[in-house]
Each structure stands twice: as C-alpha cells, then as structure tokens.
Amino acid sequence: MREMQLDPKTGILTAGAGCRLEEVNKFLLARGRFLPAGSCRTVGLAGLTLGGGYGMFARKWGLTCDHLRRVKMVDGAGIIRDSNEEPDLLWSSRGGGNGHFGIITELTFNTRVAPAQFSSWKFRAYKLNPKRATALLEAWFDATSDLPNEAFSAWIMNGSQVTVVVITIGSRDQRGLVDFRRRLAGLTNKTTSGGPTSLKRALSWYYGEDGPVYFKNASAGYYKGINDIRSALPGIFEEVLTVPGLIFQINTLGGAISSDVEGAYPHRAFPYLGESQAYWESASHAAALREAIGRMRNHIAQAGVTSHYANYPDLAFKDWPTAYYGAENYTRLQRLKQRYDPENRIRYPQSVQLPV
C-alpha cells in the first residue's frame, strides 16, 4: 500500500493508497517528475485525491484528481473493481470523496515534468484591527485577480497578524506578479522572499509538523469574491483577534482548476476557498477553540456561503451532500452507492447514503 512505480516513458505513476505526499514528492522529483498536490507532508495521497486535491500548483496544472486516470477498489461486498472497466468509478474518484462505497487500494496518475524553479514571498502586517484587516483583504482580493496561473497566494490571519504568501513556478518578473508584490508591499509592514530555488528544497518549507498535531480544520466556504464573505468578516475577525490559536485563511483557486474535467468535483467556478483552523495543546483550550470555530461557521452560513470543500469537512454543516458535491452529483453518487455497497457496510457520519 506504500509502493510506487513510474513509467519513465509516459510519466505515469502507480501508487498504493497508503502513500503520503512527502514520499510521493521525493520519489517523483528524484526522477524529474511531479504530481500537483497539497503541501503538508503527512497528507495521504488517496484521501487528498478523492476529495479533489488543490495546492500551490493547481492554478497552473489543475487539481490532483484531474491527473487521476485509474483506480482499483474493494467494494462493500468484497469485490475488486477497476475503473478501466467501470468509468463511473473513475468519475466518482475525481472529487466525489472517500469512504463511501469501497476502499481504494491503488491509484494511477499522469504526472508533470518537474518545474525548474520555485520563488516565494511573504508579506506581514501587524497589530491589525477589523477595519485595517478588511482593507487589506479587499486589496488582496483585488490584486489576486491578475495573478498569472503559475502563481498561487494565500491570505492568513492569526491573531492580529496577517501573512500573505505568494509563490510562483514561472518567471518572477511576470507583470501580474510584479504588480501584486508592489501593491502588497505598500500595505504591509515586512516583506521576505525566497528563491529562486529547486522545488525539492522549497517544498520542505511548507511541509508542516512531522508528527501528530492537535487541531481542527474546516472549510470556510468557496467564494467568487469578497462580497460573498463580507457580511461575515466582522464576526470572523472578532473570533481570530480574541481567541489564541485560531486562524482564518483564504486560498486562490481558478486558473486550470476551472477547466471542464469529467469528474465529481463540483466547485470549479469558484476562484477562492476559505478555511478555519485551530491548534491547541490542552483539552480546555480545545473546547474554547471548537466553540470559536462553530461561531465562525455560523457567521459564514449567515452570509449565504453554502458550498464547501469535502476534504475540509465539518459534522455541523447543514445539507452537507449539496455543500460538498452539489445536488446532481450527489444523486449520481447515491446510485453508485447502490451498485457497490447495497448493504451500506462502508459508512461514517457523512458518507453517501443509499437512495431512498
């Protein structure tokens, strides 16, 4: 389940479902190839892919699930299934979530030629209040609209500090990227940069903790722009400013993600994705952070945000089938549930339900 094979002629990767991103990156980069995926080292390749799989390189090349070309699965009756023989299984595995009607054991992907270089910048603003945080976020939304597809940006608020991250695997001198950096530098207190350097070296900057971390992370919704989330911002900022350990982040999507790819991932039209994060070390702190994330979730729902990323689930989301998969796709997933797991042996609180 942790084995990998790469066809050097075609660049096709076959991987066991137990592989983790750091292992996949090391294996592929040593051979001059790359699979666009997330950034945390311990994330499982299978779960990431089955829920969509976005990251810093998705605007250039698309989601991880867009590179998926074959899966093998043991279904709820113990029967081995192959998407080469059942195309609906491949459709569902491209963003339709995991653990619904079988256990994926093997995945096959198209890979990319590894980019030659990676460059990054961080812009930090300190001692923010809600008014200044809102102004900075407005500027960030506006500036990201002209980012080239080779670039990615994230807006991260932790306490009274905001960090804006921007990276590129293209030229550092592309006009949209230069304009973005110039604008953010004028609105923040400190700028640092890294690279150009190799992708192998740069990925380690974003891998995160090596071992288990006490945390909760949940989707904060998809947005077309700041107006989708504007009415929720006062409540969100109040929580982040007053509850230590709470983070609110927005990431750029768009680019190649918006391409029409056959699969169950339904949110291609949204250029932004938010997430709520909380980190703690004691049980008492955990309770306060969970309550704060719950209040943030309510603010976001009251703003009318209803679409969410399946890989950032929350048991408290209302109408989670539509939020994660869209109503039409969920109905199709239910039909596959009936085919592959009619006894509902593969299940958890937000797994696809059998059709009534």
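Which residues does Thr108 touch, not counting residues up to four places away in sequence? In this predicted model, the list is Ile12, Leu13, Thr14, His67, Leu68, Arg69 and Arg70. Thr108 sits in strand 6, which covers residues 102-110. Its relative accessible area is 8%. Buried means under 20%, so Thr108 counts as buried.

Next, turn to strand 13, residues 246-252. Here 7 of the 7 residues are buried, so the strand is largely enclosed by the rest of the structure. Its side chains point two ways. Leu246, Phe248, Ile250 and Thr252 point one way. Ile247, Gln249 and Asn251 point the other way.

Strand 13 has partners. Strand 9, residues 151-158, pairs with strand 13 in the antiparallel sense over 5 bridges. Within this pairing, Ala154 has Asn251 as its bridge partner. Strand 14, residues 272-279, also runs antiparallel to strand 13, joined by 7 bridges. There, Ile250 stands opposite Gly274.

Now look at the cores. Nonpolar side chains tend to be buried together in soluble globular proteins. The largest nonpolar core here has 43 residues. Trp155 and Phe248 touch the most other members. Leaving aside neighbours within four places in sequence, Trp155 is in contact with residues including Leu136, Trp140, Phe237, Phe248 and Ile250. A second, separate core holds 37 residues, among them Leu68, Leu90, Ala264 and Tyr324.

Finally, the surface. Val213, Phe215 and Tyr279 form a nonpolar patch there, with about 250 Å² of accessible area together. Phe215 lies in strand 12, residues 215-223. Its relative accessible area is 42%, so Phe215 is partly exposed.

Methods: Residues numbered from 1 in each chain as written. Predicted model: local features only at pLDDT ≥ 70, side-chain atom pairs only at ≥ 80, totals over all residues. Heavy atoms only, no water. Helix = DSSP H or I, 4+ residues; strand = E, 2+ residues; numbered from the N terminus. Buried < 20%, exposed > 50% of the residue type's maximum accessible area, 1.4 Å probe, protein only. Contact = heavy atoms within 4.5 Å. Core = buried A, V, L, I, M, F, W, Y, C linked by side-chain atoms within 4.5 Å. Patch = residues over 30% accessible without salt bridge, like charges linked within 9 Å, V, L, I, M, F, W, Y side chains within 5 Å. Areas by Shrake-Rupley, 256 points an atom, 1.4 Å probe, with all protein chains shown as cover. Salt bridge = Lys/Arg side-chain N within 4 Å of Asp/Glu carboxyl O. Pairing = 2+ DSSP bridges.
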